[in-house]
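Me: I have a structure to go through with you. Could you take my questions one at a time?

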Amino acid sequence: MKIAILNGSPRLGNTAAMINAFAEGAREAGHEVEILHVGKMKINGCLGCEYCHGKGEGVCVQKDDMAKVMPAYKEADMIVYASPVYYFGMTAQLSAAIQRVYAIGKPARATKAALLLSSGSPAPYAGSIATYKDMLAYMGIEDAGIITAAGAENGSEAKLAEIKAFAKGL
Ligand SMILES: Cc1cc2nc3c(=O)[nH]c(=O)nc-3n(C[C@H](O)[C@H](O)[C@H](O)COP(=O)(O)O)c2cc1C
């Protein structure tokens, strides 16, 4: 499978560690993995102008780093959404990248997705998980799994091993 991982964190920290463990497991299982650090990119929010659904024919009117993410939305068989929890949701950067798929409606090929969430405190995940599940239902994509790391779980050997094993079993 071609797997695209979207890292919503603006820094290479706890979420990146989760992603690296996932990528290691997935690559060991023979999958092709691409990591897109959307948290470090300049991706604006959708303008709701509908240019993409008219004249633009699937192309957004905004010329920004979303152009780097769009090929993954068109080609990946699986999309992994990974984010630190910022005020009970995914980061603004990842949310923008998620919503800008509007230009093509939904990921073209993806049949599977997963969610990786990192947080400081235990269990601030309800908002992110609800968004993720509702979005997958709308897109007709199967949830392969959700893994969270809170506080001391971040970077722990046990958590990274859990993530690696999960990815290896895909
Ligand atoms: C702006 C901001 C908002 C945050 N909001 C929350 C929160 O609502 N709940 C929580 O448990 N942790 C919160 N955190 C902590 C991060 O989720 C946590 O440190 C996470 O591991 C960071 O991941 P990263 O190293 O990949 O950026 C917040 C951190 C920042 C910078």
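Me: Which elements do the buried residues of α3 pack against?

Reply: This is a predicted model. In it, the buried residues of α3 pack against β1 (2–7), α2 (66–75), β3 (78–84) and α4 (126–139).

Me: And which residues of helix α3 are buried?

Reply: Helix α3 spans residues 92–99, and its buried residues are Gln93, Leu94, Ala96, Ala97 and Ile98.

Me: Turning to the sheet, what is the order of the strands?

Reply: The five strands run β2-β1-β3-β4-β5 in an open sheet with parallel pairing. β2 (32–36) and β5 (142–150) each have a single partner strand, so one side of each lacks a neighbour in the sheet. On average, neighbouring strands are turned by 15° against each other, direction ignored.

Me: How many bridges join β1 and β2?

Reply: Five bridges, in the parallel sense. Lys2, for instance, has Glu32 in β2 as its bridge partner.

Me: What does Ala113 contact beyond four places in sequence?

Reply: Its contacts there are Met78, Ile79, Val80, Tyr81, Leu136, Ile141, Asp143 and Ala144. The C-alpha atoms of Ala113 and Asp143 are 5.2 Å apart, although 30 residues separate the two along the chain.

Me: Lastly, which residues touch the most other members of the largest nonpolar core?

Reply: Ile5, Leu6, Phe22, Val80 and Leu116, in a core of 46 residues. Helix α1 (residues 14–28) supplies the largest share of this core, six residues. Leaving out residues up to four places away in sequence, Phe22 touches Ile5, Val80, Leu116, Ile163 and Ala167.

Notes:
Residues numbered from 1 in each chain as written. Predicted model: local features only at pLDDT ≥ 70, side-chain atom pairs only at ≥ 80, totals over all residues. Core = buried A, V, L, I, M, F, W, Y, C linked by C-beta atoms within 7 Å. Buried ≥ 20, exposed ≤ 12 C-beta atoms within 10 Å, placed from the backbone. Helix = DSSP H or I, 4+ residues; strand = E, 2+ residues; numbered from the N terminus. Contact = placed C-beta atoms within 7 Å. Pairing = 2+ DSSP bridges. Axes fitted to C-alpha atoms, helices over the stretch in contact; angles between N-to-C directions.
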